[in-house]
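Good morning, everyone, and thank you for making the time.

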Amino acid sequence: MTRTPWSARALLALLALLALGPVLALIVQAMAASWRFHALYPADTGFEAFANLLVSHRLRSALLMSLGLALATGATAMVLGFWAGRALSGAAGAVRRVGAMAAFLPVVAPPIALGIGLQVVVLKAGLGGDWQGVLLAHLVPATGYVTLYFLGVLSAYDDGMEEEARTLGANRWQVLRRITVPALRRRLAEALVLGALVSWGQLALTLLVGGGAVRTLPVELLSLLQSGDDRVGAAAAVALTIPPLLALGLLQVGARRAGSHT
Amino acid sequence: MSDGGLQLEGVDVRFGTAAGLRGLTLQVAAGERVALLGPSGAGKTSLLRVIAGLDPLAGGRVIVGGIDVSSVTPDRRRTVYLHQNPSLFTHLSVVDNVAFPLEVRGVERRQARRQATELLARVHLDGFALRRAGGLSGGQRHRVALARALAAQPHVLLLDEPFSALDPSLRAEVREAVMALLDDRGPATIVVTHDIDEAAQFADRLAVLLDRRITQFAPPGEVLCHPASLRVARFLGIPNIIAGASDGTGRFESPIGSVPAGSHAGPGLLVGRADAFLATRAPAGRGIARVEAFVERVGGTWLWVRAGAARVLASEAGDARLAVGDSVEITIFPDRVHVLPPESDSVTEDVPRVR
């Protein structure tokens, strides 16, 4: 086995610290009952902030709203992004370039700019301040991400399998159900998680399109921070990071069981 | 079981936006095996895809089992297309791969699996039924793909370079398995291959696709001994193309001997494979040619001999024990050579290399 050079190991440790450092700081902040300036450690710690999070009806309903929106966004973006990615991967020349750019635009556009544009559309559709309007808004960047993801995945996908299935007597629906979906099961799961995570972390779009009436966990977190309740805010922020970590962990387990790594 | 085979009537095939094959007409009977030969880019795969309904037909009609399927979707054509590297469904077991065509046609799962197991036994893979398809070797994959294709009970089977990805020992094994199964089941089969020897062994007839049309369609012996044109002869890699002329007495004279000229008159080209010319040691002073080199092949040894301007690849008489520089006589087997009219390009100085 090749030994990893010390410089690479140091770089990996630094990256891990950068990724985990803020989460650890949040956990300490949430547990610190008393942490005065200049003190290196909190004088008193406890789980009260997490307990408050669990008993708060407002935070629980925000958590449910975020989960619902994320799942709906992930599932819808997975379907839309799959078809868009498939169409683009089969296209050539200008169609493929323009299509990829269209998928890329909501990914790179600043959320605030995207939100203002979407606000107009959603208000015209009569969905302003509604969860359906927020779902539509979340779908725009999520579908962009998922389309780009599938564009990469499907470029390496052997569609000869589908062609042979067709000539073996399977109609389009049977090919989709019995060949395409099972063959791409893990990729579809990854796309669902990707779309859900895009929705899970949205703040600007939710505020602009939901008008403050759609209370997701990030929106509640912002309120807590504005009200100065840093401890519960930190606990809520920790809660916000748990589902993405769980989802990524599950995907890794799935990949290992399938005999390959993501 | 098949009934009626395949018929192409004036089929046009486009290559993307470019003009492709035009007005192809071909008939393959049920149970017949046809090898489609042609240089790379001739449109062999494009033609198979059009027959299978995977690409649109630009003109003409495709008739399968007596029914015009030109506008029928691929799943309803009773025409199975196999890629060069068979695309097994890697998320399914071997037996479920073979049962797939039966299940999608509504056969109950248990019955489909039973039939699939029988088919696997016919390709000697019954012990592999429950394995994942992704874990099979190249030869096993081909045999599973073939069993799966036959489970669909096609009228037409299209094999796109089925043996080219296999090593020489597996090629023979898979080819034999395919031939054994096809004899029994009897779909009209078209196989695309670049290997002319393989095509000749596998097929009942060869179709040579050159210059966007089928230039010759005949049994292997006929195509290889009597190519329709110099272009076909060159494509097939026939090594001997020797200039000569008909002398007006019904004989065609060349530097290595004469043969019946048939209807040919005037200058022409004598075309033949190495086995059409037999080199034997010449008695002193009677040799017309001299041995230049030996060509070692799996199937035996050939030798290059020179007679004046003509260079001929010939087979060696069993007891000749020739060496380079020996003087030889050449016996020409008239039924294995063909006289063609001369074409614009000179050939005697540009004899194709042995494959």
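Let me begin with a term: a nonpolar core is a set of buried Ala, Val, Leu, Ile, Met, Phe, Trp, Tyr and Cys residues joined through C-beta atoms within 7 Å. Please keep in mind that what you see is a predicted model.

With that term in hand, which residues of the largest nonpolar core touch the most other members? The core has 114 residues, and those that touch the most other members are Val98(B), Leu158(B), Val305(B), Val312(B), Ala314(B) and Ile330(B). If we take Val312(B) and leave aside its neighbours within four places in sequence, its contacts are Asn240(B), Ile242(B), Ile256(B), Phe277(B), Ala289(B), Val305(B), Ala307(B) and Ile330(B). There is also a second, separate core of 55 residues, which includes Met31(A), Tyr145(A), Val193(A) and Ala247(A).

Turning to chain B as a whole, its secondary structure comes to eight helices and 20 strands, and its C-alpha trace spans about 80 × 45 × 30 Å along the principal axes. Of its 355 residues, 45% count as buried, and, among the contacts in chain B with a separation of 6 or more, 68% are between residues 24 or more positions apart.

Finally, in chain A, the axes of helix H3, residues 57–90, and helix H6, residues 131–155, come within 6 Å and cross at roughly 40°, and H3(A) and H6(A) are therefore oblique to each other. Their crossing is right-handed, and the contact of H3(A) with H6(A) has 19 nonpolar, nine polar and one charged residues.

Terms used. Residues numbered from 1 in each chain as written. Chains lettered and ligands numbered in written order. Predicted model: local features only at pLDDT ≥ 70, side-chain atom pairs only at ≥ 80, totals over all residues. Axes fitted to C-alpha atoms, helices over the stretch in contact; angles between N-to-C directions. Helix = DSSP H or I, 4+ residues; strand = E, 2+ residues; numbered from the N terminus. Parallel < 35°, antiparallel > 145°, perpendicular 65-115°, else oblique. Left-handed = near helix turned anticlockwise from the far one by under 90°. Nonpolar A, V, L, I, M, F, W, Y, C, P; charged D, E, K, R; others polar. Buried ≥ 20, exposed ≤ 12 C-beta atoms within 10 Å, placed from the backbone. Contact = placed C-beta atoms within 7 Å.
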